[in-house]
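Biologist: I'd like to learn how to read a model like this one, feature by feature. Could you walk me through it?

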Amino acid sequence: MCIGHKKTDILNKINQNKLVGRFAVFLFGIFGLGMCYNLFFVPNKLVVGGVSGLSVVVHEITGIPNNLFIYLMSAVLIVLSFIVLGRKQSVYTIIGSVSYSVMVTITEPIAAKIPVTFSSDFLMILTIILIYGFCGGLVYRAGFNTGGSDVIAAIISKLAKIELGKSSTIVNMIIILSGMLLFGLKKTIYAMFILITYNKLVDMVLLGINDSKLVFIKSKQSDRIEKYVTRDLGLGATEIASKGGLFTKKEATLLMIVPFNLYYGLKHTVLDIDPNAFISAHNCYTVKGGHNKKIIPF
């Protein structure tokens, strides 16, 4: 079997793993997004991008019901997705688009019976961010999407040969700015802030909170540094054989996972031990197994 087929088989097994559980998480997330839309976005006329944001604009101009517009746009985007992106990429688009459209319809009468009032705009925005970002993260973590503007961005990315992130930003900014023409600058600033923090919160749900650093240290005093790390900090350290590119001199490189609250002290202590030490640190999201696992809160 060729390597390409092996990779495909592995990805298929991953996608099929715990499918029922993933779908349950997806439904919970999509329900939360529907509630957020009907509880907060529609009553407050917040246009945060996407087809749901565009529906608020279209409803204000034409009076077309929000859920009807979402159904119509979803149908059009599904057809375009099949034509431009292909069948395989369109499967999750169909699931996401249909599920979101149905959830918007289901949650509309529920949201109408829930009285929601806030003492300040700040409290309202904070509540929206937490619900919207958490539920959106669950949808993506389950391996699905909500269709909508994601499809538009993917189509533009493929046809215009630009990065998906850039095309997504362009689409959402056009929708948000169209809302500014109708609802004013204040609501647009709120919407942009919600969208930016939503993306950050989705990343946190997808990747986890990066409360540790992956640290590489290369030093002539690696033995002393390793003793400090293991004895004084109680962390594990892995010694990696390495060779300099310029002088081809072999020196040990230490690899370790360091919690944020210990990193600052580690960096300055290492430089006290060896002022010429090379230190490279990177955000670390996932740690499985290893020494002193209890110290690292994963």
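Predicted model: local features only at pLDDT ≥ 70, side-chain atom pairs only at ≥ 80, totals over all residues.

Biologist: Is lysine 187 buried, partly exposed or exposed?

Modeller: Buried means under 20% relative accessible area, exposed means over 50%, and partly exposed is in between (1.4 Å probe, protein chains only). Lysine 187 has 30%, so it counts as partly exposed. Its C-alpha atom is 9.6 Å from that of valine 48, although 139 residues separate them along the chain. For a contrast, take serine 90 in helix α5: at a relative accessible area of 1%, serine 90 is buried. Serine 90 is 7.0 Å from isoleucine 78, C-alpha to C-alpha, and twelve residues from it in sequence.

Biologist: Now pockets. How much space lies in the largest pocket?

Modeller: The general idea first: rolling a probe the size of a water molecule over the atoms shows where empty space is left. On a 1 Å grid over the protein atoms alone, a pocket is an open set of points where a 1.4 Å probe fits, with protein on both sides within 12 Å along at least five of seven lines; lining residues have an atom within 4 Å of a point. Points are joined across faces, edges and corners, and the volume is the space filled by probe spheres set on them. Here the largest pocket holds about 710 Å³. It is lined by 34 residues, and the closest to its centre are Tyr140, Asp150, Asn172, Tyr198 and Asn199.

Biologist: Which element gives the largest share of that lining?

Modeller: That's α9, with eight residues. Others giving two or more include α2 (19-44), α6 (121-141) and α8 (164-183). By type, the lining has 18 nonpolar, 14 polar and two charged residues (Ala, Val, Leu, Ile, Met, Phe, Trp, Tyr, Cys and Pro count as nonpolar, Asp, Glu, Lys and Arg as charged, and the others, Gly among them, as polar).

Biologist: And how many salt bridges are there?

Modeller: Side chains of opposite charge can pair when their charged atoms come close. The rule asks for a side-chain nitrogen of Lys or Arg within 4 Å of a carboxyl oxygen of Asp or Glu, and the count comes to two. One joins lysine 45 and glutamate 60 at 3.4 Å, N to O. Lysine 45 sits in the loop between α2 and α3 and glutamate 60 in α3, so the pair ties together parts 15 residues apart in sequence. Aspartate 121 and lysine 186 also meet in a salt bridge, at 3.5 Å, N to O. That pair links distant parts of the chain, with aspartate 121 in α6 and lysine 186 in α9, 65 residues apart.

Biologist: How exposed are aspartate 121 and lysine 186?

Modeller: Aspartate 121 is partly exposed at 33%, whereas lysine 186 is exposed at 52%.

How values were computed. Residues numbered from 1 in each chain as written. Heavy atoms only, no water. Helix = DSSP H or I, 4+ residues; strand = E, 2+ residues; numbered from the N terminus.
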